[in-house]
Every structure is written in structure tokens, then in C-alpha cells.
Amino acid sequence: MALPQIALPAGYRWRTLTPADRRLVTELDTWAFPSGTSHDDLDAAPSPLTWDRAIAIEADGSEGLVAMHASYPFGHFPVPGAELPTAGLTWVGVHPQHRRRGLLTAMIDLHLTRSSERGEPLSALFAAEAAIYGRFGYGHAADDLRLDIPRGAALRDVPGAERHTVRVEIAARERHGVLVDRLHRAAGAAPTGVPGINRPGWVTRETEELQAVLWDDSPAHRGGRESRRIMIVELDGEPRGYVTFRRSLAWEPTGPRGRVDAGEVVAVDAAAARALWGALLDLDLTNEVTPFTLPVDDVVTQLLVNLRAAAPRTPDNLWVRLVDVAAALAGRRYAADVDVTIKVTDARLPANAGVYRLRAEAFGPASVERVDPEFEAPELSLDVRELGAAYLGGTSLAALAAAGLVTEHRRQGQQTSALARASTAFGWPVAPGSSWVF
Ligand SMILES: CC(=O)SCCNC(=O)CCNC(=O)[C@H](O)C(C)(C)COP(=O)(O)OP(=O)(O)OC[C@H]1O[C@@H](n2cnc3c(N)ncnc32)[C@H](O)[C@@H]1OP(=O)(O)O
């Protein structure tokens, strides 16, 4: 696909990338993200990139690349009650010598144009710094839950947990790839066991490159910890949950001080989750378990008797950008009946700006049409960034309105609040979030 015509500052030019450019990409990436690992070691590990979606910038008078970005083709990105094709923006980097000259701005314009041409109504990302992406219409759509759980922390009982058995093994794609993929998808499709009530943002590793990176265990990424392990809980020989983890151990005058860094902690029901957390919190020679990231409503928040002792923190998880507002609004489900007219502003993609009438039945299909504001006055106004924040159901329109970021236009004589109705409908029973960072 030829690159769309997006202007760059004078002296800069676009450049497509192939796997043969791996070293150039590594050199630029370590300028953008400092790393103590040698380029040889970094290049010995698999690359997650989908190369025909990776675009660089070269500059007159500079060797190598001065900037790049890429995106993952998520064909089945979970949105409330459905899935939509989504461009997962990633590997954004500008060489420090070339920063603040508009290269990121040009790359975002190229990325959004290409996403639109490919028919991807959404883009999602993890932000290296929270201040970067709001100006481009990305909204902070989901949070992580970070915990440091003391060894042996008390858990509530769940009937049936004791019937599970536990296997602990070296994690290997050949042996565990299929079961991890199956359980991960099942946990995202129906985390509460209710069909259709999915976890928005629970993105799967859809490409071969992302699968290869998931299972890669290069020493470069271990950081002094052991090789990757996996714990699997089974019921009658059937896998029902897993956690990947690495332990580290220091000997101190008071005794052993060990830590468990857990990757994904995934289970398909409450009994399996109780069995998995019980075993994970009871490993010998360890003091605490640190899961990398969990959904904010993860089952462990209800299982832990003393959640406060695990020092909960909630940094941002996914940021979402509506590339095609009408397709994105029609492509998700809503948690209540809704009929609301919304005015959207979008400085970066002006084709999105306008007034939309959204009609949906609770947990049923939705329809969206553009309307003429002269005849149908909007009940709510907001920027596409706030729509992105609310889109996965993790940020309420009411909270955004309380902060002055959504405006309600009350019609005379109107009894109910469009804001209250829309805010309820845009919510979702399960909190959004991805279990891995891309
Ligand atoms: C999805 C991901 O991949 S996240 C990874 C992002 N990459 C990194 O954090 C690596 C280190 N940083 C970088 O490579 C660069 O500084 C980038 C990519 C963040 C920014 O690239 P630049 O080419 O400097 O951005 P550009 O010149 O287009 O700036 C556009 C605007 O964003 C602002 N901006 C850019 N980066 C930041 C930042 N980190 N914090 C706050 N504001 C920022 C600029 O000030 C500018 O604002 P203005 O329009 O009001 O003048």
C-alpha cells in the first residue's frame, strides 16, 4: 500500500521498513528508550513488529533512522459486547536530536489516515508518558491494578476451589501455547460467566510475531530473575487457569527474601481463581507476589480479605482513539436503552466532527446516524478524546461532565437527564483492560 501524502518538516522523508532493517530499528529504539542491553542481545530476541505496518523517518545529514512508529493489526479488539478491527499504535520513538519538530505529529496523521484506509474504526495504545496522546484525540480509557501481595495473604473461601490440582512447570510454547491462548480468550469473553458480557480491551496476541514474543525467554529480558515458569490449575485434568511467573531470591540476615513477579493471572471461574491465587501466594522462600497488571475489578480484589495491605495503585492501561466515530459507536453494545444526540468535535480528523444520534437497546444492537443540528439539537457535546475515554465503559460520561469535559444541553421541559441516561448506557458491567502491554 502506497503511503498517503502526509507532509513532514523540510529535510525529512518517510521510509517503509522490512525485517532487514532490524538493526536500524534497534538503534533508533534504544535512543528513544534507553537500554543497558546490547544491540546484539536485543536483536537475538524475536521482534513483535508487523513490518508492513512499521514506518520510519530519515533526515538529510543524519545516518540511520530518526523516528518510527508501527501498529499491530488487532482484528478482534474487544469493545463492550463486540469486537472491532483496531490499530494498536506502538514503537513510537523520535531520536532526541530531532524531537519537538513535529515528527510525532506527522506520524500520528499518517497512522490515523492509514488506519482509516484499512477500515479500522479504532486505534488503541499504551502511553509511555500520560501527557503525550490526549492532544491527538486519544482518551484514557482503562486503568491497571498494581498490587504487592504479601505471601500467605488471607483469601476468602470459594466452594469447589479445593477440588483443583496444581501443576508448576517451565513455561514453553510447545507445551502451553494452546492452553494459554484458549484460557486467555475464555477469560476475556465471559469473565463473569455471562455470555456476551466480555471484558473490553482484553486484547489477544493475534499475530505470529506477538505469540513469538510472548513465549520468548531470552536472558536479556530476565533481569536477574529465573527463567519463566507457569502454574496451571486443573479440575479433573482440565486446565482452568494459569499464571506465568519468575522468582528472584536474596539472602538477608533475617532470612530469605524472595519475590514473585507474575505475568498474567488468568482463570475461567471463581473456584479456579481461588485455587490459583492460593497456590501463587504460598510459594516457599518468597515474601511477596507482584502481578504485572490486573483489571481493576479482578476477582482477587474480592478474594483478598485485606486488599489495602497489597498497596493497590491504578496507573493508566489502554488509551483509545475513535478513528471513525459512527462505525465505532454503532460497533459496541450499551448497558441500557439509549436514544441520545451527541455533538462531537475532532480537530485532527475533521470528518468525524458533527452531530450523531445514537439509539440502542440494552445489550442489543445499536444504530448511529448523522443528524442536522438545525433540526435535532445535541443533548451532549464533547471532544473525540472524551468519547475515547468513555468508549470501553471504564470512564463515565458523568465523571467527564463533572470535570467540565462533557456538556449537557438540557431541553426545556425535559424530565430526565440525557447525561444520566447516556452515562449509564456507555458503562459496562466488567471493567476494561488489557492483560499485557503492547
Ligand atoms: C504508543 C507508544 O509507542 S508510547 C511511546 C512514546 N515514545 C517515547 O516516549 C520515547 C521517548 N520520546 C520520544 O520519542 C518523543 O519525545 C515523542 C515521540 C514522545 C514525541 O515526539 P516529537 O517528535 O518530539 O513530538 P512533536 O514534536 O510532534 O510534538 C507534538 C506536541 O506534543 C508535545 N509533546 C511531545 N512529547 C511530549 C511529552 N513526552 N510530554 C508532553 N508533551 C509532549 C510537544 O511539546 C508538542 O506540543 P505543541 O504542539 O504544543 O508544541
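This is a predicted model: local features need pLDDT of at least 70, side-chain atom pairs count only at pLDDT 80 or more; totals for chains, interfaces and linings use all residues.
Reader: Which domains does the protein chain have?

Author: Domain bounds come from an automatic or database domain assignment. Here the assignment gives domain 1 (12–120), domain 2 (145–310) and domain 3 (324–426). Between the C-alpha centres of domain 2 and domain 3 there are 37 Å.

Reader: Which residues surround the ligand?

Author: A residue is near a molecule if its C-beta atom, placed from the backbone, lies within 6 Å of it. The ligand is surrounded by 23 residues, the closest being Val 92, Arg 99, Leu 104, Thr 105 and Ala 128.

Reader: Which elements supply at least two residues of that shell?

Author: Helices (H or I, at least four residues) and strands (E, at least two) are DSSP runs, numbered from the N terminus. Strand E4 (82–94) and helix H3 (103–117) each supply at least two residues, and the largest share, 6 residues, is from E4.

Reader: How do the shell residues divide by type?

Author: Ala, Val, Leu, Ile, Met, Phe, Trp, Tyr, Cys and Pro count as nonpolar, Asp, Glu, Lys and Arg as charged, and the others, Gly among them, as polar. The shell has 14 nonpolar, 4 polar and 5 charged residues.

Reader: Which residues does UniProt list for "active site"?

Author: UniProt positions are given in the numbering used here, feature names are shortened, and annotations may be inferred rather than shown by experiment. The unreviewed UniProt entry lists Tyr 133 and Phe 438. Tyr 133 is in the loop between strand E5 (122–125) and strand E6 (139–140), and Phe 438 is in the segment after helix H11 (418–426).

Reader: Is Tyr 133 buried or exposed?

Author: A residue is buried if 20 or more other C-beta atoms, placed from the backbone, lie within 10 Å of its own, exposed if 12 or fewer, and partly exposed in between. Tyr 133 is buried because 25 other C-beta atoms lie within 10 Å. Phe 438 has 19 C-beta neighbours inside 10 Å, so Phe 438 counts as partly exposed.

Reader: What is Arg 53 in contact with?

Author: Two residues are in contact if their C-beta atoms, placed from the backbone, lie within 7 Å. Apart from neighbours within four places in sequence, Arg 53 is in contact with Ala 70, Ser 71 and Pro 73.

Terms used
Residues are numbered from 1 along each chain as its sequence is written.
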